[in-house]
Structures are given as structure tokens and as C-alpha cells.
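Here is a walk through one protein model, taking its helices and then its charged pairs. Keep the structure in view while reading.

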Amino acid sequence: MKDGDEPSFAILSYVTITRDPRTEVVLTSGCTPEAAEILETVGHFVEVPGPRGPFHRQPQGLDVNRQRHYATAAAQALLVAGFSVYLDPSLNTLAAPDDDRAATHRYLDQLGQRAREATTNKQVSEVLAEVAAPTEGLLPRLTQTLTMAWLTWSERDQRADGALYKDQLSMQLMEATGGLARHGDEIRHIRNQATAAKPAVAQPPVAAKPLSIVRR
């Protein structure tokens, strides 16, 4: 190859496996018949008509774990067959723990360090605000997550065996979530009191009186 010439590449068929953000359905771009066969056999994809021609998607109603399992298996089979594949990271069961979780752990570690090093009311109140601020605090976010879990659980079909036991557990989860919300209110009250409290003012030292010597 001479200087200035473009290198030549072996262009392989490219398959994209991703999740539609609106419907949460896992789908692919257009692909060759060989790739389609792998998707259908390994990934449980089905061919459906689309506005720009047929495409493949997983059946509706699959839970997230099966979506990820089938998508990862299909991507691995496509790679072995010589295809280039882009697999949505959220569907990859072989991926390392995501950066979001690691970032969350770092944030909590840093917040704990700030709490240990707090020496003034202002610094304490800032840490408490991170924990229990009404919308962005850790506790309200956690309460919101648990509330969504309780709603989903309580709305699940209760005709299955053990429905009463499941209902009791969901009620316990609701009560625990309510307790967290109340604790958040208490922490916000403490934070407000810490913000309003005036720091103690150090009193100037009292000058010692000179000793008087009385001669007899």
C-alpha cells in the first residue's frame, strides 16, 4: 500500500441489538438471512413488518432477565459466525458491573467521609440535606423506589398459590417504606434545627489579677 492510499477492510455484516426506549422491546436492525436465523434460533427473535421494511424483535412480555439472556446469547452466536455486533450494554449479561453503581458507591463513601470530618453545624446540615432533601435526597429517592416495588407487587395477580402470604409481605414492605419516609421528615427537622442553631461564641479569657504582696 502506497503512502496516502486508503487501507482496505473486510466489511462484515453489522447487526445492532438494542432496546426501544418507548416500548422496552428488544429489537434489531435489518440483517441477512443467516443472521436472522441465528437471532430466531438463539435469541427467540421474530420477524415483523416495519415502516422501513421487516425487522426482528423479541416477543412482547418477556421479563428483563430473559430479554438480557436471549440478547447476549444471540450476540455471542453472531460474533462466532463472523458478524459485527453492537449489543446494548443494558442487555449484556457478560458486562462488568456498570459505572453507575461504582459512581454511587464512591458518592456514598465521600458523603460518609464528609460526615466524619464535619466540625460545624453548617457542615452537618449539608450532609443531612444530601441524605433527606425533599426531592433529591437519598432517602426520598430510596422511598420512591420502594414505593414503586410495592405498587408493582400489590397489583400482581393474586390468584396464584400463596397469594395471602404475598399480600402480607407487600403490606410489610409498605409499612417499612412509610417508616423510612417518616424518618426522612425527622432528619429534615434536625437539619433545619442545625442550620438555625448559632455556633457557640468563645469567651475571651479572663485576665489574671496581679498578686499583691502584703508586708507585715
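Contact here means heavy atoms within 4.5 Å. The model is a predicted one.

Start with helix α1, residues 33-42, where A35, A36, I38 and L39 are buried. Seen down the axis of α1, these buried residues fall within an arc of 160°, so they line one face of the helix. Their cover includes β1 (14-19), β2 (26-28), β4 (55-57) and α2 (64-80). The face of α1 turned away from the buried side carries P33, E37 and T41, which are exposed. Just after α1 comes H44, with a positive phi of about 60°.

Helix α4 spans residues 121-132, and its 12 residues reach 16 Å from first C-alpha to last, close to the 16 Å expected. Its buried residues are S125, V127 and A132. Viewed down the axis of α4, they lie within an arc of 160°, so they line one face of this helix.

Side chains of opposite charge can pair when their charged atoms come close. The model has four salt bridges. E126 is partly exposed, at 32% relative accessible area, while K122 is exposed, at 56%.

In helix α6 (residues 163-196), R188 and D185 are three residues apart, about one helical turn. Their side chains meet in a salt bridge at 2.3 Å, N to O. An α-helix has 3.6 residues a turn, so residues three or four places apart point the same way.

Another salt bridge joins E24 and R19 at 3.9 Å, N to O. R19 is buried, at 15% relative accessible area, whereas E24 is partly exposed, at 42%.

Note on methods. Residues are numbered from 1 along each chain as its sequence is written. This is a predicted model: local features need pLDDT of at least 70, side-chain atom pairs count only at pLDDT 80 or more; totals for chains, interfaces and linings use all residues. Side-chain values use heavy atoms; hydrogens and water are left out. Helices (H or I, at least four residues) and strands (E, at least two) are DSSP runs, numbered from the N terminus. The expected span of a helix is 1.5 Å times one less than its number of residues. Buried means under 20% relative accessible area, exposed over 50%, partly exposed in between (1.4 Å probe, protein chains only). The arc is that of the directions from the helix axis to the C-beta atoms.
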